[in-house]
Amino acid sequence: MMMRLPALLAALMMVLLSACAGGGDAPRARIVDTAEIYTLAPGDKLRITVFGEETLTGEYGVTGSGDVSFPLVGNIKVAGRTVEDLQKELTTKLGSGYLEDPRVSAEIINYRPFYILGEVSRPGQYDFAVGLTIQQAVAAAGGFTYRANSKKVYLKRATDTREMLVDLRETPSFPVRPGDTIRVGERFF
């Protein structure tokens, strides 16, 4: 009986320490959709070109309410919609009494930023770049601190309500999307 007591205490300590590690209720992240269709949201900046109409051509930002304010047609709700949806709507609205056979092109020139916090040298807001991975995001923030858990991080997509656990040993090139928040926790040993 005395020999089992140290083993029992060790098992109990392991259970308690794993409970203290936190993040036990965060779902594990999986790479599902690397080619997801991008939808617009506040913080995106667009270049809209109306061919033959220099006064309408320019750079437009998506407002906090998810609109683009465009001359002649007013505010257009774009949050959650694609660039192609915006092009079609502008073409239709400009062709309804304003221009004859309008040709509209739109492209994203600046994506909304991503955020990184926790155990990195310079937590904060950073510019998004296409193809960005969590490891690159950490590098942009000055790297891990000496207290950081460099094996596991937490990621919250802009469209989700919960964080998910990303094991960097399993998926070292996990993709970051615009508006994501990355949280780097502390290691315990």
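**Close-up views of a predicted model**

**View 1. An aromatic cluster of three residues.** Tyr 38, Tyr 111 and Phe 128 make up one aromatic cluster. The model is predicted: local features need pLDDT of at least 70, side-chain atom pairs count only at pLDDT 80 or more, and totals for chains, interfaces and linings use all residues. Residues are numbered from 1 along each chain as its sequence is written, and side-chain values use heavy atoms, with hydrogens and water left out.

**View 2. Tyr 38 against Tyr 111.** Rings of Phe, Tyr and Trp (its six-membered ring) pair if their centres lie within 6.5 Å; planes under 30 degrees apart are stacked, over 60 edge-to-face, and the rest tilted. By this rule there are four aromatic pairs. In one of them, the ring centres of Tyr 38 and Tyr 111 are 5.0 Å apart and the planes stand at 85 degrees, so the pair is edge-to-face. Tyr 38 sits in the loop between α1 (4-20) and β1 (45-50), and Tyr 111 in the loop between β5 (104-110) and β6 (114-118), so the pair ties together parts that are 73 residues apart in sequence. Helices (H or I, at least four residues) and strands (E, at least two) are DSSP runs, numbered from the N terminus. Buried means under 20% relative accessible area, exposed over 50%, and partly exposed in between (1.4 Å probe, protein chains only). Tyr 38 is partly exposed at 21%. Tyr 111 is partly exposed at 27%.

**View 3. Tyr 60 against Phe 70.** Tyr 60 and Phe 70 form a tilted aromatic pair, with 5.0 Å from centre to centre and 45 degrees between the planes. Tyr 60 belongs to strand β2 (residues 58-61) and Phe 70 to strand β3 (residues 67-70), so this pair ties together parts that are 10 residues apart in sequence. Are these two residues buried or exposed? Tyr 60 counts as buried, at 13% relative accessibility. Phe 70 also counts as buried, at 3%.

**View 4. The partners of strand β1.** Two strands pair if DSSP finds at least two bridges between them. β1 pairs with β2 in the antiparallel sense over four bridges. Arg 47 has Glu 59 in β2 as its bridge partner. β1 also pairs with β5, again antiparallel, over six bridges. Here Lys 45 has Asn 110 in β5 as its bridge partner.

**View 5. An open sheet of five strands.** The strand order is β7-β6-β10-β8-β9, with mixed pairing. β7 (124-126) and β9 (164-167) stand at the edges with a single partner strand each, so one side of each has no neighbour in the sheet. Neighbouring strands are turned by 30 degrees against each other on average, direction ignored. Strand β8 (residues 152-156) and β9 run antiparallel, joined by four bridges. Lys 152 has Asp 167 in β9 as its bridge partner.

**View 6. The whole chain, for context.** The chain has three helices and 10 strands. Along the sequence they follow the pattern α-β-β-β-β-α-β-β-β-α-β-β-β. Of its 189 residues, 33% count as buried. Contact means heavy atoms within 4.5 Å. Among contacts between residues at least 6 apart in sequence, 53% join residues at least 24 apart. The accessible surface of the chain comes to about 11600 Å², with 56% belonging to carbon and sulfur atoms. Accessible areas come from the Shrake-Rupley method with a 1.4 Å probe.

How values were computed. Axes are lines fitted to C-alpha atoms, for helices over the stretch in contact, and angles run from 0 to 180 degrees between N-to-C directions.
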